[in-house]
Amino acid sequence: MTTEPASPAAPAPERPGLVATYRRLWPYLWPHGRADLQRRVYLAFGLLLVAKLATMVMPFTFKWATDALVAAVGGHADGVPAGLIAAPMLLIGAYGLARIVMVGLTQVRDGLFAKVAMHAVRRLALQTFEHMHRLSLRFHLERKTGGLTRVLERGRGGIEELSRLMVLTLVPTIVEFALVLGVLAYEFDWHYSAVVLVMVVAYLSFTYKATEWRIGIRRRMNASDTDANTKAVDSLLNFETVKYFGAESRETARYDESMARYEKASTQTYVSLAVLNAGQAVIFTLGMTAVMWLAARDIMAGRTTIGGFVLANTMLVQLSMPLNFMGMIYREIKQALIDIDDMFRILHRNPEIADRPDASPLAVGNAEVRFEDVHFAYNPDRPILRGVSFTVGPGKTVAIVGPSGAGKSTLSRLLFRFYEPQNGRIAIDGQDIASVRQDSLRAAVGMVPQDTVLFNDTIGYNIRYGRWEASDAEVREAARLAQIDRFIEGLPEGYDTPVGERGLKLSGGEKQRVAIARTILKGPPILVLDEATSALDSFTEREIQHALDQVSRGRTTLVIAHRLSTVVNADEILVLDRGVIVERGTHGALLARGGTYAALWNRQREADAAREALKRAEDREEDREEAGAPSAQRDAVAAE
Ligand SMILES: Nc1ncnc2c1ncn2[C@@H]1O[C@H](COP(=O)(O)OP(=O)(O)O)[C@@H](O)[C@H]1O
Ligand SMILES: [Mg+2]
C-alpha cells in the first residue's frame, strides 16, 4: 500500500471500483446496533418505491385525460374507465396530485436518508482522524498537514456525495427504468420495451465513453488554468526583478504560452460537451421516434388509442430527465470514489510504531534511563547515531551538548519512541521501551521543546493540557513554579486570555514558560529539555533557567543544551559529534581536559563577553540620544 502523494510522473494508483467501495462503506451505511438508522434506510427505500409508482401514474392520467377529451369532442373513447369520460378536468387534477405526491415523497426520503449518510460520514471521519494521530512522526513529517486535512475533508465530501448520488439518483433512476419497461410491455407489447432498452443501453454506453474522454480534457484544462495562474502570480510578485532585467516581454510571452494551452484545452472542453449533448440527443431521439412510430402504427391498426400515444410520449420525456444527468453523475461518482479511497488508504496504513501484542505498562521506580549502544538512521544510507551509550541515574541530570545536526534531538525522539533504533536498546528502570505500552511510556516522560507551539485557545487551556483533570489551584501552582503566574494575573482576562494561533500573541519567553508550566503539571518522573531556552535572548534565558531548575529538581533529566553556561551543574556532560560521544565528564573535568568541550566553552565565553560589551555600548548610545538629540532630527528619522 503506498501513501505517497501521486506525482505527475507516477502512474495513477489502481482505484477500487464502485462495488468494492460500497462493500467497504457498507458497515458504515448499515450501522449495526442502530435500529433507528436501519429503520430510516427501510423507510427511505419504501418512500422511493411509492414515489416512483406515483411517477408512473402521471403518464396514465395524461392518457385518460386525452382519451376523455377525444371522447368529449366527439371521437371514440375506448379503453377509458366509464365515469371518467365526463371528467377530463378531474384527470388533469389527478396529474397535479400525483406530481405533488412524487415530489413531496422524494424530499421526505432525502431528509430521512441524510441522517444515515451523515452518521456514516461522522464515524469514518472520526476513525480516520484517530488513526492519523496513531501514525508515526515520520508519516506526519513526510506529509504536509494541509494535505492530510484535505484528505479528511475530501473523503467526507466523497462519502456524502456517493451516498447521495447512489441512493437519491442512481437507484431511483434504475427503478424508474425498470417500471417504464414493465408498463410499456403491459400497455402495448414487448417491441416498445425492446426499443427503449436498446436506446437506454446505447445512451449509457455512449455517455460513459464520452465522459471518460472528457475527464481527460477537463483535467488538462484545469492544469493549464492553474499553470497560467501560477505564472501570473509569480511574475507579478517578482515585479522588481522583472524590471531589473528588463524582462517584461519575456514574461508576457511566457504567460501567453500558458494561456495558449488554456485556450486550446478549454475549447476542447466546450467542443466535447457539444459532442456529448448532441450524441445523447441523437440516440434518445432515435429511440423516441421509433416508439412513437410504433404507437402511431398501433393507433391506425386500432390496437391503441390516442391516449396511448400520449402515454408513451410522456413516459419517455420523463425518463429523459434523469438520463440527462448520467454523464455528470458518472463523473462525480468517479471523483467520490477516488476521494474515499484516499481516506481508506490512510485508514488502512499500519502505524510504523505499534505496541507489541504482549506489551505491558511501564513500571517506573527510580526512573533510571539507559541508552545501550544505540544505532539509528532515519534513512538507511545515512547513519545519525553510531553507538551511543550512557545512563542517567535516578534523579540525576545529564547534559548533551554538541554542534547542530549531531543527533541530539534524535536522542529525545528515540526516548519518546517516535522512532525505533536499528541496533541497541533504550531502557527505563531496566525495561526496554520497545516492549512497553506507548501510552505508559509517554506518560512517564515530559518534554520542553525548543519551539513551543500552543493550541489556539486560552492560557489556562494550554497549561491544563499537561494534566486535564488538574484543579484550578494546581494550574495556578504550576504557573507559579514556572514563574509566569504574575504575568498571567496582570492580564485583563487572566487565565482566560486567548493565545492566538500557534501562541503568536505571547512572546517567546512567555510561551516557553507556559510549556514549562504544563510539564510541571504533568509531573513526569523523567524530563527532557531540548534546547528549551536557545530561542530566547540571554536575559530571558537566565530568568527561565531558574524555572527549569525548579522542574528538574528530583527528576531524572536529560538536558540538550545549546549554551554551555546552562549545564555547568549537570552530573555528567556528554559531547556528541556526528552521532558519537566524543567526550564525557563533569564541567570541571572536561575543562581540565582541554578538549572539544573546553574549546567550545572558551569560544562561547568570548562571544558572550563581546555581545555584552556591544549591548552596553548600545544602551549608552540610546540614553544619550534620548537626552539630547535635537527634535527635528528625530522627526526626520521618524518620517522615514
Ligand atoms: N525526520 C528526519 N528525516 C531524515 N533526517 C532527519 C530527520 N530529522 C533529523 N534528521 C537529520 O538528522 C540529523 C540529526 O538531527 P537532530 O538530532 O535534530 O540534530 P541536533 O543535534 O541539532 O538536535 C540532522 O542531520 C538532520 O538533518
Ligand atoms: Mg535539535
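**Close-up views of helix packing in a predicted model**

**View 1. Helix α1 against helix α10.** Helix α1 (residues 18-29) packs on helix α10 (residues 326-347) at about 60°, with the axes 11 Å apart. That angle makes α1 oblique to α10. Angles under 35 degrees count as roughly parallel, over 145 as roughly antiparallel, 65 to 115 as roughly perpendicular and the rest as oblique. Axes are lines fitted to C-alpha atoms, for helices over the stretch in contact, and angles run from 0 to 180 degrees between N-to-C directions. Helices (H or I, at least four residues) and strands (E, at least two) are DSSP runs, numbered from the N terminus. The model is predicted: local features need pLDDT of at least 70, side-chain atom pairs count only at pLDDT 80 or more, and totals for chains, interfaces and linings use all residues. Residues are numbered from 1 along each chain as its sequence is written, chains are lettered from A and ligands numbered from 1 in the order in which they are written, and side-chain values use heavy atoms, leaving out hydrogens and water.

**View 2. The residues between α1 and α10.** From α1 come L18, T21, R24, L25 and Y28; they meet I333, L337, I340, D341, F344 and L347 of α10. Contact means heavy atoms within 4.5 Å. This contact holds 8 nonpolar, 1 polar and 2 charged residues. Ala, Val, Leu, Ile, Met, Phe, Trp, Tyr, Cys and Pro count as nonpolar, Asp, Glu, Lys and Arg as charged, and the others, Gly among them, as polar.

**View 3. Helix α1 across helix α3.** The axes of α1 and α3 come within 9 Å and cross at roughly 105°. The two helices are therefore roughly perpendicular. L25, P27, Y28 and L29 of α1 touch V116, A117, A120, R123, L124 and Q127 of α3. By class, the α1 contact with α3 has 8 nonpolar, 1 polar and 1 charged residues.

**View 4. Helix α2 alongside helix α3.** Helix α3 spans residues 88-134, and α2 packs on α3 at about 165° with the axes 8 Å apart. α2 and α3 are therefore roughly antiparallel. Their contact divides into 29 nonpolar, 5 polar and 4 charged residues.

View 5. The whole structure has 13 aromatic pairs. In one of them, F60 and W64 are tilted, 5.8 Å centre to centre with 45° between the planes. Rings of Phe, Tyr and Trp (its six-membered ring) pair if their centres lie within 6.5 Å; planes under 30 degrees apart count as stacked, over 60 as edge-to-face and the rest as tilted. Both F60 and W64 sit in helix α2 (residues 35-72), 4 residues apart, about one turn of the helix.
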